[in-house]
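Subject: Handover of a structure and its salt bridges

Dear colleague,

Please find below the structure that I am handing over to you. A short account of the findings follows it.

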Amino acid sequence: MNNINLYKEFYFREIDRKINLNNSFNLPILIISVIISIHFYLFKQDLSICILTVGKILSSLTFLSIILSLYFLLKSFSNLFRTHIYREIADSEKILDYEKSLLNNEKKEKKAETLFIKFLTTEFAECAKHNFEINKTRTEDLANTKQILFIAIILTILYSLIYILSII
């Protein structure tokens, strides 16, 4: 059986997922920036003691949510300073050398071709499996970031509504 294309697709799919995960950090950072800006704006307003007290409580909870979401965001992006180490297939020169050695060592070209395809299939499968595990963890951490940011958004909206109702 020749399944090299299937495993090659798995491998390149995980590389694409890595790129998508790397690009998905802009939105959470933007949301965090907007939340902080809203809170700064609200605290600069002339607030009554009651609204200020509620605002401090909601802002404290929002701050804790943001810190926790930043933890998961940092964990997803950089694995907390240990970095994610993705596997790559061997470089082209090593693959070419392996192919040449097969052709030199095997009497039949068809057998050498079969062994070479088996080698490449194994390379793609092993790299795809390793990269899948990393991408799975990164995806879960990013999902945690979004869930916690949702709480911060709700708290910010609540504080904003309280402020708006107080000035009406």
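A salt bridge is counted here where a side-chain nitrogen of Lys or Arg lies within 4 Å of a carboxyl oxygen of Asp or Glu. Under this rule, four salt bridges are found. Please note that the model is a predicted one.

I begin with a group of linked residues. Arg-13, Glu-14 and Arg-17 are joined in a network of salt bridges. Within it, Arg-13 pairs with Glu-14, and their closest N and O atoms are 3.3 Å apart. Arg-13 is partly exposed, at a relative accessible area of 48%, whereas Glu-14 is buried, at 4%.

Next come two pairs that link separate parts of the chain.

The side chains of Lys-75 and Asp-141 form a salt bridge with an N to O distance of 3.3 Å. Lys-75 belongs to helix H3 (residues 49-78) and Asp-141 to helix H5 (residues 109-167), so this pair ties together parts that are 66 residues apart in sequence. Asp-141 has a relative accessible area of 4% and is therefore buried, the cut-off being under 20%.

Arg-87 and Glu-126 form a further salt bridge, with 3.7 Å between the closest N and O atoms. Because Arg-87 lies in the loop between H3 and helix H4 (92-105) and Glu-126 in helix H5, the pair ties together parts that are 39 residues apart in sequence. Arg-87 is partly exposed, with a relative accessible area of 31%, and Glu-126 is also partly exposed, with a value of 37%.

Yours sincerely

How values were computed:
Residues numbered from 1 in each chain as written. Predicted model: local features only at pLDDT ≥ 70, side-chain atom pairs only at ≥ 80, totals over all residues. Heavy atoms only, no water. Buried < 20%, exposed > 50% of the residue type's maximum accessible area, 1.4 Å probe, protein only. Helix = DSSP H or I, 4+ residues; strand = E, 2+ residues; numbered from the N terminus.
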